[in-house]
Amino acid sequence: LKADTQDRTFSIDASAYYIDWNDIQLSTVINGNNTIINAGAARIKGAELVLIARPESGVTISGAFAFNDGEVKAANAALGAAKGDRLPNTAHVTATVSADYVLRSHAATPSVGTTLRYIGDRTNGFAANPGNPQYQLPDYILVDLRAGFELGSIDVHAYVANLFDQRGQLSAQTFQTAFGGPAQIAIVRPRSIGVNISTKF
């Protein structure tokens with residue numbers, strides 16, 4: 001479903017889906033080696049919603065929300081998966097909310113904006129997999145800021161990504177933990193501050 005109000009101050013984009021996936025392939029670790037194996041069938045239900053509001057000139061507020069519920073439909077000994085286990089590396093809930101303001105009446109067209117992102121908790125694998133023990137990746141929230149202006153054909157934009165320097169966990173490799181070693185965790189980029197300068201020609 002996609003719709004706009006007549007004056008386009010409000011937009012909505014909504015969808016729902018059901019996937020019955022046969023012969024899905026998933027990554028796992030066997031004898032310390034990363035490999036892709038046949039995992040049988042999976043069932044995925046989900047929904048996505050995007051809302052955009054433009055309450056006045058230069059102001060845009062948007063939100064994107066998603067729900068995903070995926071599970072394997074049969075047990076798989078090689079994966080250590082039981083029937084109904086959640087698919088790995090998939091958050092049940094994600095959300096992004098943004099707000100931007102552009103002063104178009106000014107010659108320099110100054111702008112400011114912010115984005116908040118939420119990623120729900122995930123697992124890296126299945127509970128009964130001895131070669132790749134299950135690890136819970138916690139949920140996290142990131143906040144970004146931005147501001148900019150134009151000087152003729154030159155655009156100057158400053159940004160702060162990951163304002164609060166969160167250590168959100170993206171993925172995990174745990175095959176070493178089966179031998180008493182550490183889990184290897186990939187994290188989001190730490191707080192970053194920068195300036196982008198571009199021109200048109």
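## Basis of the description

The model is predicted, and local features need pLDDT of at least 70, side-chain atom pairs count only at pLDDT 80 or more, and totals for chains, interfaces and linings use all residues. Residues are numbered from 1 along each chain as its sequence is written, and side-chain values use heavy atoms, with hydrogens and water left out.

## Paired strands

Strands (E, at least two residues) and helices (H or I, at least four residues) are DSSP runs numbered from the N terminus. Two strands pair if DSSP finds at least two bridges between them. Strand β2 (residues 10-21) pairs with strand β5 (residues 42-53) in the antiparallel sense, over twelve bridges. Within β5, K45 stands opposite Y18. Strand β5 also pairs with strand β6 (residues 59-72), again antiparallel and over twelve bridges. Here G46 has N68 in β6 as its bridge partner. Five residues separate β5 and β6, which form a hairpin, and G58 in the turn has a positive phi of about 90 degrees.

The pairing continues from β6 to strand β7 (residues 93-102), antiparallel over nine bridges. S62 has S98 in β7 as its bridge partner. Strand β7 is in turn joined by nine bridges to strand β8 (residues 111-119), and these two run antiparallel. In β8, Y118 stands opposite A95. In a regular strand the side chains alternate between the two faces of the sheet.

## The nonpolar core

A nonpolar core is a set of buried Ala, Val, Leu, Ile, Met, Phe, Trp, Tyr and Cys residues joined through side-chain atoms within 4.5 Å. Buried means under 20% relative accessible area, exposed over 50%, and partly exposed in between (1.4 Å probe, protein chains only). The largest core has eleven residues: I24, L26, I37, A39, A42, I44, V72, L79, A81, L87 and F126.

What is L87 in contact with, leaving aside its neighbours within four places in sequence? Counting contact as heavy atoms within 4.5 Å, the partners of L87 are I24, L26, A42, I44, G70, E71, V72 and T123.

## Pocket and cavity

On a 1 Å grid over the protein atoms alone, a cavity is a set of points where a 1.4 Å probe fits but cannot get out, while a pocket is an open set with protein on both sides within 12 Å along at least five of seven lines; lining residues have an atom within 4 Å of a point. Grid points are joined across faces, edges and corners, and a volume is the space filled by probe spheres set on the points. The largest pocket holds about 150 Å³ of space. Its lining includes L26, P88, N124 and Q173. The largest share of this lining, four residues, comes from β3.

The whole structure has one cavity of 30 Å³ or more. The largest cavity holds about 40 Å³ and is lined by S27, T28, L79, N124, G125, F126, N129 and N132.

## Two loop residues with positive phi

D23 lies in the loop between β2 and β3. Although D23 is not a glycine, its phi is positive, at about 55 degrees. D23 counts as exposed because its relative accessibility is 62%.

D165 lies in the loop between β12 (154-161) and β13. D165, also not a glycine, has a positive phi of about 55 degrees. With 26% relative accessibility, D165 counts as partly exposed.
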